[in-house]
Amino acid sequence: MRVRAPAFFAALSPGEFTRGTAERWSPAHHLHHLILSNKPVAYALTLPQDRLPLRPGDLPSREYMQVRDLYREALATGVRASGRYLPDPHGTQDALVAEYSGTLELLEHNLLMYWTDAELDAHTLVHPVLGPLSVREMLFFTLYHNEHHLKGVQASLNRTENP
């Protein structure tokens, strides 16, 4: 994801990158939404763990597919991005792709720098729609969310290749 998604967005023509409306997002809108979504998670990974709520010890983290399905169920109810997660892309395509790539690098760096595997299940972050998630589940969500938007943009452009 860290390489192929930025490469996909960077390879779009300027017309493809900006074609869309507030109702039917352009690739630029999707990319800006992912920037807005990735940044808070990357920041949360730097918080002192004693500032994050503990997760009940008898509550195991859900697997990737379970988190994916939970998100899909929320989308099926009509949930959409709102508030601070609504995109308003400004700047050049190169700048947006670089900022997006930077959020992916920051997520990876902060995860490896500040968290052990066991700690990912011990603490909770709150997702605005899905509610409390373990840090591991939030990372699963973040991975799926990026994939979901990449595939959506590919489908809207009738691109079936898997970059």
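Colleague: Where is Thr-124 found?
Modeller: Thr-124 is in strand β1. Strands here are DSSP runs of E with at least two residues, helices are runs of H or I with at least four, and both are numbered from the N terminus. Keep in mind that this is a predicted model: local features need pLDDT of at least 70 and side-chain atom pairs pLDDT 80 or more, while totals for chains, interfaces and linings use all residues. Residues are numbered from 1 along each chain as its sequence is written, and side-chain values use heavy atoms, with hydrogens and water left out.

Colleague: Why is Thr-124 called buried?
Modeller: The relative accessibility of Thr-124 is 9%, so it counts as buried (under 20%; exposed is over 50%, partly exposed in between, with a 1.4 Å probe and protein chains only).

Colleague: And what does Thr-124 touch?
Modeller: Leaving out residues up to four places away in sequence, Thr-124 touches Leu-52, Pro-53, Leu-54, Arg-55, Pro-132, Leu-133 and Ser-134. Contact means heavy atoms within 4.5 Å.

Colleague: What makes α3 roughly antiparallel to α7?
Modeller: The two helices pack at about 175 degrees, with axes 10 Å apart. Axes are lines fitted to C-alpha atoms over the stretch in contact, and angles run from 0 to 180 degrees between N-to-C directions. Over 145 degrees is roughly antiparallel (under 35 roughly parallel, 65 to 115 roughly perpendicular, the rest oblique), so α3 and α7 get the antiparallel label.

Colleague: Which residues meet there?
Modeller: From α3, they include His-33, Ser-37 and Val-41, and from α7, among others, His-145, Asn-146 and His-149. By class, that contact has six nonpolar, eight polar and no charged residues. Asp, Glu, Lys and Arg are the charged class; Ala, Val, Leu, Ile, Met, Phe, Trp, Tyr, Cys and Pro are nonpolar; the others, Gly among them, are polar.

Colleague: What gives the most to the lining of the second largest pocket?
Modeller: α7 does, with six residues. That pocket holds about 360 Å³, and its lining divides into eight nonpolar, two polar and three charged residues.

Key: On a 1 Å grid over the protein atoms alone, a cavity is a set of points where a 1.4 Å probe fits but cannot get out, and a pocket is an open set with protein on both sides within 12 Å along at least five of seven lines; lining residues have an atom within 4 Å of a point. Grid points are joined across faces, edges and corners, and a volume is the space filled by probe spheres set on the points.
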